[in-house]
Amino acid sequence: MYHLTRPTIVKAFARATSRSVPIAGAASLHTLPDLPYAYDALEPHISQEIMKLHHTKHHQTYVNGLNAAEEKYAATPDVKQRIGLQAALKFNGGGHINHTLFWKNLAPEGPSNKPTGALKEELEKGFGSIEAFKKTMNEKTAAIQGSGWGWLGYNPVTKKLEIVTTANQDPLLTHVPIIGIDVWEHAFYLQYKNVKPDYLTAIWNVINFEEAGKRYAAAAN
């Protein structure tokens, strides 16, 4: 198990979102980012009800928890108390990072839902075909026990795209996130009940491969 230190989490936020307001006694005040589309824009694949609850309730809770943990961290010089805040920083900070990435991972049905260019070529090279890639990612993501995230990430060591998973709200630190899929029940249960594979099949209709392509280009160059 690794511990997410305050400098690490601040660095991660600099990559995930720039929406922060300086406050006294803490590095920043994190805020809920706006969605780049309407709550009903991903229907019928992800319902308006899920999107609104997921964004305004669940993501907002992580933002609130992170701000509270960072303020407590900044307010105490006691090392033991700071160590005690690591779990809250990791969970809420990871939740904020992951969801900020996730909203941009999605887009209404259209041209952006199909991979093109260098990302398409690399996926076909690594997995054989786009459909084979989706199948493999769905299988590995569906196998997560409990809550977590499935990721397509760029490994800066191997210089390859790899499918990895993280538990709970742990942020992806070993790879550069290219595509992330939330498999916490709050992301799909109201619509798909306990049939996670149906959710994973449907979400590819609204995955924003245009955004993924930009992330891959930035990571690989």
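Biologist: In which sense do strand 3 and strand 5 pair, and over how many bridges?

Modeller: Two strands pair if DSSP finds at least two bridges between them. Strands here are DSSP runs of E with at least two residues, helices are runs of H or I with at least four, and both are numbered from the N terminus. Strand 3 and strand 5 (residues 176–182) are antiparallel and share six bridges. Gly150 stands opposite Ile181 in strand 5. This is a predicted model, where local features need pLDDT of at least 70, side-chain atom pairs count only at pLDDT 80 or more, and totals for chains, interfaces and linings use all residues. Residues are numbered from 1 along each chain as its sequence is written, and side-chain values use heavy atoms, with hydrogens and water left out.

Biologist: Which strand lies antiparallel to strand 3 over eight bridges?

Modeller: That is strand 4 (residues 160–167). Leu152 has Ile163 as its bridge partner there. Four residues lie between the strands of this hairpin, and Lys159 takes a positive phi near 65°.

Biologist: Is strand 3 buried or exposed?

Modeller: Buried means under 20% relative accessible area, exposed over 50%, and partly exposed in between, with a 1.4 Å probe and protein chains only. Eight of the eight residues of strand 3 (residues 148–155) are buried, so the strand is largely enclosed by the rest of the structure. Gly148, Gly150, Leu152 and Tyr154 point one way, while Trp149, Trp151, Gly153 and Asn155 point the other way.

Biologist: Where is His175, and which side chains make polar contacts with the His175 side chain?

Modeller: A polar contact is a pair of N or O atoms within 3.5 Å; within protein, one must be able to donate a hydrogen and the other to accept it, and residues adjacent in sequence count only if both atoms are side-chain atoms. His175 is in the loop between strand 4 and strand 5. With 10% relative accessibility, His175 counts as buried. Its side chain makes polar contacts with the side chains of Glu162 (2.8 Å) and Thr174 (2.7 Å).

Biologist: How do the buried residues of helix 6 fall around its axis?

Modeller: An α-helix has 3.6 residues a turn, so residues three or four places apart point the same way. In helix 6 (residues 130–142), the buried residues are Ile130, Phe133, Lys134, Met137, Asn138 and Thr141. They fall within an arc of 130°, taken from the directions from the helix axis to the C-beta atoms, so they line one face of the helix. On the other side, Glu131 and Lys135 are exposed.

Terms used: The expected span of a helix is 1.5 Å times one less than its number of residues.
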